[in-house]
Amino acid sequence: MSSSSLQQSIARWVDPGIRTLSTYSVPDATGLIKLDAMENPYHWPEPLIDEWLFRLRRVHLNRYPDPAARQLAATLRKVMGVPDSAAVLLGNGSDELIQIIAQTLAGSSRCLMAPEPGFVMYRMIAIFTRMEYQGIPLREDFSLDLPAMLTAIEQHQPAVIFLAYPNNPTGNLFDEQQICRIVEASPGVVVVDEAYHAFAQASFMDRLLDHENLLVMRTVSKLGLAGLRLGLLAGAQAWIEEFDKVRLPYNINTLTQASANFALQHHKMLDEQTARIRTDRDRLMNDMCLIEEITVYPSRANFILFRVTRSQGNQVFNALLKQGFLVKNLNNAGGALSDCLRVTIGTPQENQGFIETLSGVISKI
Ligand SMILES: *Cc1c(COP(=O)(O)O)cnc(C)c1O
């Protein structure tokens, strides 16, 4: 096949929405201090690692995993405080749960709605599943624009709305009462995405009992188990049953089931780590606020969004990179995020190195 006929073939058969996308790119962090992906910087104490490896010896990889991951689901329900009357669905990361929800609800001109700036996978997955995506701008302080949301709900009748609580990449918690208004006004389901629950200490889990169209999503990634790929969706049994039909069998592999179950049985250790990260976040926030040239946004997550002087976003990002600090550059997203960077909370030593480097970089520009 000649390359022009190959291109024609691709143009003919690959959905235009997908052709315009680029692959989700993850920069190589080799040799860098990695403060770009909201990972917990701490590993486990040695005795616990030994105990975990001992458990793994008894895992049989020749067999398929437990299709319903019963033990793990029971542990998750307990640790995450899922109400007894709610059902749960586990996903290969919460990204997979977003995909399962979209695949279940997709159809011609079905709408998936989310506030913007927000988590990019909502829009991407809407494109993958041929849903119509509606991004509704947040206000300038990144709070919800409730009137705009209510008007958009009325107009587009979304099958699903995603609300990240706290929001990524802005870090703030939306107003609780406003979220309730959105849930009440929505003809479809509303997913409150609590990926940063460990750092926010606020949740809609208890409100599942009040609203049948409310779903709460969690992940163990930001908590400290990003390598396992495990998310949880909780909600009314009848909704979860429908989503469960779309889930591929054995989506939670045996090693993840055994390891997550083990780690969550020792969740005190993770709780101590996340408490430490919250304290260090508040300290870093105070230090960053002392740098006059930047705007720092309040955070209830394990990252901080900040804006540098106009049109210097890329310059500051590259200068940080050159000195060994990898943060997330949001400048290319443009609009409300122009000249914005997002730094994940690391160890106290990493945070100290970051703040010193940032001050130095800013003072030289
Ligand atoms: C990181 C993140 C996720 C994805 O989590 P995984 O479980 O690792 O797939 C989902 N939602 C938000 C808002 C996130 O920031």
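Here are some notes on the sheet and the aromatic rings of this predicted model.

1. A quick word on ground rules. Because the model is predicted, local features need pLDDT of at least 70 and side-chain atom pairs count only at pLDDT 80 or more, while totals for chains, interfaces and linings use all residues. Residues are numbered from 1 along each chain as its sequence is written, and side-chain values use heavy atoms, with hydrogens and water left out.

2. Start with the sheet. It is open and mixed, with seven strands in the order E2-E8-E7-E6-E5-E3-E4. Strands (E, at least two residues) and helices (H or I, at least four) are DSSP runs numbered from the N terminus, and two strands pair if DSSP finds at least two bridges between them. E2 (87–91) and E4 (132–137) have a single partner strand each, so one side of each lacks a neighbour in the sheet. From one strand to the next, the twist averages 20° (axes are lines fitted to C-alpha atoms, for helices over the stretch in contact, with angles from 0 to 180 degrees between N-to-C directions).

3. Now look at E7 (residues 214–219). On one side, four bridges join E7 to E8 (residues 231–235), antiparallel; E6 and E7 pair through four bridges too, but in the parallel sense. Val216 is a handy landmark: Val216 stands opposite Ala234 in E8 and is also the bridge partner of Val192.

4. Is E7 buried or exposed? Six of its six residues are buried, so E7 is largely enclosed by the rest of the structure (buried means under 20% relative accessible area, exposed over 50%, partly exposed in between, with a 1.4 Å probe and protein chains only). Leu214, Val216 and Arg218 cover one face, with Leu215, Met217 and Thr219 on the other.

5. On to the rings: the whole structure has eleven aromatic pairs. Rings of Phe, Tyr and Trp (its six-membered ring) pair if their centres lie within 6.5 Å; planes under 30 degrees apart are stacked, over 60 edge-to-face, and the rest tilted. With centres 4.3 Å apart and planes at 15°, Tyr64 and Tyr250 are stacked. Tyr64 is in the loop between H3 and H4 and Tyr250 in the loop between H11 and H12, so the pair ties together parts 186 residues apart in sequence. Tyr64 is exposed at 65%, whereas Tyr250 is partly exposed at 34%.

6. Compare Tyr165 and Phe204, an edge-to-face pair at 5.0 Å centre to centre and 85° between the planes. Tyr165 is buried at 4% relative accessibility, and Phe204 is buried at 1%.
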